[in-house]
Amino acid sequence: MKLTVEEVRALAAQFAPEGKIGVPKPFGGGHINDTYLFSREDENGAQYVLQRINKNAFPNPEDVMDNMLRVTEYLRGVIIKRGGDPVRETLKLLKTEEGRFFAIDRNGDYWRSYSFVADSVSYDRCDDANIFCESGHAFGRFLSMLDGFDAASLHETIVQFHDTPKRFRDFHAAVEKDAAGRADGVRDLIEVALGYEPFADTLTGQLRSGDLPLRVTHNDTKLNNVLIDEKTGHAVCVIDLDTVMPGLCAYDFGDAIRYGANTAAEDETDLSKVRLDMDMYRAYATGYLSEVSDQLTMREVDSLPVGARMMTLENGIRFLGDYLNGDIYFKTDYPEHNLVRARTQFKLLQEIDEHWDEMLLCVRDLSTRKG
Ligand code: ADP
Ligand code: GN1
Ligand code: MG
């Protein structure tokens, strides 16, 4: 049952026991969690994020919090060693009076609070190649800073999150069940999606054979999961750490390209506007590879564009599957929203295929240029 404004304020107050706080205001454009911003009067209006963890997506919120706490503490240590700003460059979780990093509401939902990074912006869309390049730096740095972190100690917060063959099994189940009675209206798109199925095991297969190594990856590298400094235009901080898990660098690179090198929004209805912008692709690859080129194997470098193709396909079948299931996973604003999102992904896949050679040459070229 929906919480009242007073109940949300009381949850925020648990993270600010002595302080007076304002009413938390809904904030941000994520598809999964419910995010609010609140301020503390005793700290001259310093702002904090309050977030309800989506239990449907994350069945074990305490695992999510354990990962997030350990990862942010580790990052803080690395940032200090590198001479960075530990207050702005990673999130700082707040504790409740009982010393926990979460509060539980009457529905059994978990809430957390962390620092709001002042004077920063998160872009849902941006066509500035410099900003996208900065986002590449941020996710590249994220991977390289977590190089020494014990990947095996992380909880798998969403099991088989980027296991695309598993996503196809879920997709088949959604088509067969047709829970919302929508399958007949989208047979064309279902056929297009199934045409890509033979490709689905490409990265998971290379992982199994040992050709690609597991690393600590972010796994949800959308442009709006990086904060950019309002004044300098430099990336400050990577956010949305719920899915930090062992993964492939191809997932991180690929998802960022899928979202940020698309000339249109993820939910653009006019498919003629959906193109792959190779300047944006190059900008991101430049930022990302300048941070991680020394670490990646040649096979990993070659896997980066494969990741872009895979993440676009994976999101395509996830959106379409959710549409068939009756919109039970992603937040939607209108009944066809997931279908619109799915259509953009399949249009982008065509674009990726048309630019394939260029995409591969670009990362190969940049990987040999250090710095
Ligand atoms: P979701 O899983 O729903 O995407 P996020 O953690 O990404 O949740 O938060 C949703 C949005 O809220 C982000 O895309 C960003 O716009 C905004 N946001 C979240 N945390 C911060 C923060 N510390 N500072 C500034 N903006 C934030
Ligand atoms: C979700 O949480 P958000 O909005 O950053 C989703 C991603 C999808 C993305 C599609 C935990 O990301 O996997 O790629 O939507 N996150 C989760 O926009 O499922
Ligand atoms: Mg997000």
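The model is predicted, so local features need pLDDT of at least 70 and side-chain atom pairs count only at pLDDT 80 or more, while totals for chains, interfaces and linings use all residues. Residues are numbered from 1 along each chain as its sequence is written, chains are lettered from A and ligands numbered from 1 in the order in which they are written, and side-chain values use heavy atoms, with hydrogens and water left out.

I start with the whole protein. The secondary structure comes to 11 helices and 10 strands; helices (H or I, at least four residues) and strands (E, at least two) are DSSP runs numbered from the N terminus. The radius of gyration is 20 Å, close to the 21 Å that the globule rule gives for 371 residues, so the protein is as compact as a globular protein of that length. That radius is taken over C-alpha atoms, and the rule is 2.2 Å times the number of residues to the power 0.38. Along the principal axes, the C-alpha atoms fill a box of roughly 60 × 55 × 35 Å. Of the 371 residues, 56% count as buried; buried means under 20% relative accessible area, exposed over 50%, and partly exposed in between, with a 1.4 Å probe and protein chains only. Among contacts (heavy atoms within 4.5 Å) with a separation of 6 or more, 73% come from residues 24 or more positions apart.

Helix 4, residues 164-177, packs with helix 9, residues 298-325, at an angle of about 25°, and their axes are 9 Å apart. Axes are lines fitted to C-alpha atoms, for helices over the stretch in contact, and angles run from 0 to 180 degrees between N-to-C directions. Helix 4 and helix 9 are therefore roughly parallel; angles under 35 degrees count as roughly parallel, over 145 as roughly antiparallel, 65 to 115 as roughly perpendicular and the rest as oblique. Their crossing is left-handed, a term for a near helix turned anticlockwise from the far one by less than a right angle, with clockwise being right-handed. On the helix 4 side the contact includes Phe168 and Phe171, and on the helix 9 side it includes Leu313 and Ile317. By class, that contact has 9 nonpolar, 3 polar and 3 charged residues. Here Ala, Val, Leu, Ile, Met, Phe, Trp, Tyr, Cys and Pro count as nonpolar, Asp, Glu, Lys and Arg as charged, and the others, Gly among them, as polar.

The second pair is helix 5, residues 187-195, and helix 10, which pack at about 45° with axes 11 Å apart. These two are therefore oblique to each other, and the crossing is left-handed. Asp188, Leu189, Val192 and Ala193 of helix 5 meet Leu339, Ala342, Arg343 and Phe346 of helix 10. That contact has 6 nonpolar, no polar and 2 charged residues.

Helix 10, residues 337-354, also holds Gln345. Is Gln345 buried or exposed? At 1% relative accessibility, Gln345 counts as buried. Beyond four places in sequence, its contacts include Arg258, Glu266 and Phe319.

Ala235 lies in strand 9, residues 235-238, and is buried at 11% relative accessibility. Ala235 and Phe132 are 103 residues apart in sequence and 9.3 Å apart in space, C-alpha to C-alpha.

Last, Gln14 belongs to helix 1, residues 5-14. Gln14 is partly exposed, with a relative accessible area of 30%. Leaving out residues up to four places away in sequence, Gln14 touches Lys95, Thr96, Glu97, Glu98 and Ala103.
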